[in-house]
Amino acid sequence: KLTRDELIQSVSAQMPEKRWRHTEGVMQSAVLLAKRYGADPVKAELAAILHDVAKYWPSERQEQLLRDKGLNDELLLYDKPLWHAEIGAYVAEAEYGIDDEEILNAIRYHTSGRVGMTLLEKIICLADYIEPGRDFPGVDHIRRLAETSVEAALVAGFDSTINLLVARRQIIYPLTVLSRNDLVKQLE
Ligand code: DGI
Ligand code: FE
Ligand code: FE
Ligand code: FE
């Protein structure tokens, strides 16, 4: 089992420097959100460190793991940027020995979300949107919402992703829409 520093060393070596700075931002935002909303900040930080571990792995390697390791291979029908979340959860368990299902699911669902997200899953998904290095139209609005409601902020995050996908005429992974709808229901 690696120490925190060894884990950071190993994960950061698998991505460009810019992506590692994003990960450091997600660590910072995830810990803040965990403290604000009553999740475990240690678990939040661990999930943040690992959430994008597979983002820059060759897509051939990701495809092979999705096929051969009993993972969610339905993802192969959808765009490649969705794959690294499922692969990340697999790698966290198989290569880094993370056995906490809450942490693994926070990694697994950080891109699409899912119906019935746990608080930790919401926090990692939201931290990914609002970390200090993010700069997209509407991010400051989402940051403000995150001060008072994880769900309201996440809906705004998903809405911006879905709007962008529609504008680019890209395929929307159905779970992305289901997650967004489920969060809207939680606001009622
Ligand atoms: O890995 P990050 O860039 O930090 O962020 P992410 O894991 O949340 O999203 C990765 C990419 O996936 C991002 O460019 C948006 C895209 N994405 C998210 N949901 C969907 C999607 N792409 C498609 N095609 N369909 C989706 O439902
Ligand atoms: Fe990601
Ligand atoms: Fe995200
Ligand atoms: Fe990320």
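Is D5 buried or exposed? With 8 other C-beta atoms within 10 Å, D5 is exposed, and the sections below set this residue in the context of the whole chain, which is a predicted model.

## Overall architecture

The secondary structure of the protein comes to 10 helices and zero strands, and along the sequence the elements follow the pattern α-α-α-α-α-α-α-α-α-α. The radius of gyration is 16 Å, close to the 16 Å that the globule rule gives for 188 residues, so the protein is as compact as a globular protein of that length. Along its principal axes, the C-alpha trace spans about 40 × 35 × 30 Å.

Burial and contact order can be read for the chain as a whole. Of the 188 residues, 38% count as buried, and among contacts between residues at least 6 apart in sequence, 60% join residues at least 24 apart.

In soluble globular proteins, nonpolar side chains tend to be buried together. In this model the largest nonpolar core has 47 residues, of which A30, A47, I123, I124 and L126 touch the most other members. Helices α2 (17-37), α3 (41-50), α5 (83-94), α6 (101-108), α7 (119-130), α8 (139-146) and α9 (150-167) each supply at least two residues of this core, and α7 gives the most, with eight residues.

One of the core residues that touch the most other members is L126. When its neighbours within four places in sequence are left aside, L126 is in contact with L33, A146, V150, A153, L154 and G157.

## The annotated HD region

The UniProt record, an unreviewed entry, carries the annotation "domain: HD" over residues 19-133.

## Helix α1: D5 and S12

Two residues of helix α1 can be considered together, D5 and S12, the helix itself covering residues 4-12. D5 counts as exposed because it has 8 other C-beta atoms within 10 Å, and a residue with 12 or fewer is placed in that class. S12, by contrast, is partly exposed, with 17 other C-beta atoms within 10 Å, a number that falls between the limit of 12 or fewer for exposed residues and that of 20 or more for buried ones.

Each of these residues can also be related to a position further along the chain. D5 and S29 are 24 residues apart in sequence, and their C-alpha atoms are 19 Å apart in space. S12 and D52, which are 40 residues apart in sequence, have a C-alpha to C-alpha separation of 9.8 Å.

G97 lies in the loop between α5 and α6 and is exposed, with 9 other C-beta atoms within 10 Å. Although G97 and L2 are 95 residues apart in sequence, the distance between their C-alpha atoms is 8.9 Å. The loop between α9 and α10 (174-187) holds R169, a residue that has a positive phi of about 50 degrees although it is not a glycine. R169 has 6 C-beta neighbours inside 10 Å and therefore counts as exposed.

K185 lies in helix α10, where this residue is exposed, with 10 other C-beta atoms within 10 Å. The C-alpha atoms of K185 and D159 are separated by 14 Å, the two residues being 26 residues apart along the chain.

Notes. Residues numbered from 1 in each chain as written. Chains lettered and ligands numbered in written order. Predicted model: local features only at pLDDT ≥ 70, side-chain atom pairs only at ≥ 80, totals over all residues. Helix = DSSP H or I, 4+ residues; strand = E, 2+ residues; numbered from the N terminus. Rg over C-alpha atoms; globule rule 2.2 N^0.38 Å. Contact = placed C-beta atoms within 7 Å. Core = buried A, V, L, I, M, F, W, Y, C linked by C-beta atoms within 7 Å. UniProt positions renumbered as here; feature names shortened; annotations may be inferred.
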